[in-house]
Amino acid sequence: MSSKFWSDTVKVLNPYVPGEQPQGEQVIKLNTNENPYPPSPLVQQALLKAIGPDGAALRLYPNAESTGVRAELARYHQVLPEQVFLGNGSDEVLGHIFQGLLKHKDPVLFPDVTYSFYTVYCGLFGIEYEKIPVTEDYEVHVDDFLRPERRANGGIVIVNPNAPTGIALPVSEITRLVEGNPQSVVVVDEAYIDYGGESVIPLVQKYPNLLVVRTFSKSRALAGLRIGYAVGDRMLIEALERVKNSFNSYPVDCLAQVAALASIQDNDYFEQRKNAVIASRDQLRRDLQQLGFVVLPSATNFIFASHPKVQASALAAELKQRKILVRHFKAPRIDQFLRISIGTQQECDALVAACRDIVKFSA
Ligand SMILES: *Cc1c(COP(=O)(O)O)cnc(C)c1O
């Protein structure tokens, strides 16, 4: 075994480590923020119809521009189709954004506690970055991104509501960030926005430097089909198109396009499942607080929780023994926390029962 064929770029990469995806085993899976409920039944119907009796439709390349989905998303968000970019999951969209809009001589800024993929893209594309610490309460402090003595930045990336903390910033704060930073792009990753935050998509009409990223993986229960998108000024979208067509012209497969379209069209189902997750989340927060956990206020489909008497890594290991998976990040400032995705009410109850057991024997 030798890495002698590796390029210098590959030798120094520090790749993202995705949450565990156990195959076949029966576990309660609360580690990757997937939706505990299936997608809209209209999605399944549309997929079966698209495959057809013999699958002949699969012979053809998909629509390279995802025209139908972009038109539907444009209608949904009240923008033009030219303001929407579709990709193979928002991770791919974010990759194109780092390469196409954030790679400049000045460093990209993001909070020290945020989605850990951002530093990975910087490593892959050779982009300098600077981490801006969140406050003691784990909140993103906009003024710290706008300090006049700071040298120019190559762009700013935030997740709203933030991951893995779950804490949301109000639109007024993001507006301040965008207005105070007119010389570079502000990217707002809204992966969890449907669970309680307020979207800044309406602001893209006013600010040519604002780009919003969304995914079908969480609130729309389609993580397996890999669909993400960005909404912004058409010149920002054109940059992403240029990267896409220099890398993979068909990132969104034909079934993913069909599923995305059906999902957007079933708003009632979407609202109903979203509200079920929100209700379970608020219940779970109260239940864990009763067991002595510190739980940050969450506007997402996960909670970020810490127990003063039990090491987070030990707790994660104990839960795993009981076949419950949660996410622990071995990272500065957050290594005493667990990120717990919201499951069905039954799954949340099983988690609380297990935590009660573990805490009792550790206290
Ligand atoms: C889950 C997640 C993504 C990735 O979503 P995909 O569309 O599945 O690639 C991006 N950003 C954040 C903050 C996420 O939590």
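Helices (H or I, at least four residues) and strands (E, at least two) are taken here as DSSP runs and are numbered from the N terminus. The structure is a predicted model, in which local features need pLDDT of at least 70 and side-chain atom pairs count only at pLDDT 80 or more, while totals for chains, interfaces and linings use all residues. Residues are numbered from 1 along each chain as its sequence is written, and side-chain values use heavy atoms, with hydrogens and water left out.

The loop between strand S5 (155-159) and helix H6 (171-179) holds proline 161, and proline 164 also lies in the loop between S5 and H6. The peptide bond from asparagine 160 to proline 161 is cis, with omega near -10°, and the bond that leads from alanine 163 to proline 164 is likewise cis, with omega near 5°. In the loop between helix H3 (67-77) and strand S2 (84-87) is glutamine 78, a residue that has a positive phi of about 55° although it is not a glycine.

An N or O atom in the side chain of aspartate 189 is 2.7 Å from a nitrogen atom of the ligand. Of the 380 Å² of accessible area that the ligand has on its own, the protein covers 92%, as computed by the Shrake-Rupley method with a 1.4 Å probe.

Helix packing was described with axes fitted as lines to C-alpha atoms over the stretch in contact, and with angles that run from 0 to 180 degrees between N-to-C directions. H4 and helix H5 (residues 117-125) pack at an angle of about 50°, with their axes 10 Å apart, which makes H4 oblique to H5; angles under 35 degrees count as roughly parallel, over 145 as roughly antiparallel, 65 to 115 as roughly perpendicular and the rest as oblique. H3 and helix H8 (residues 254-265) pack at about 20°, with axes 9 Å apart, and H3 is therefore roughly parallel to H8.

Key: Polar contact = N/O pair within 3.5 Å; in protein donor to acceptor, adjacent residues only side chain to side chain.
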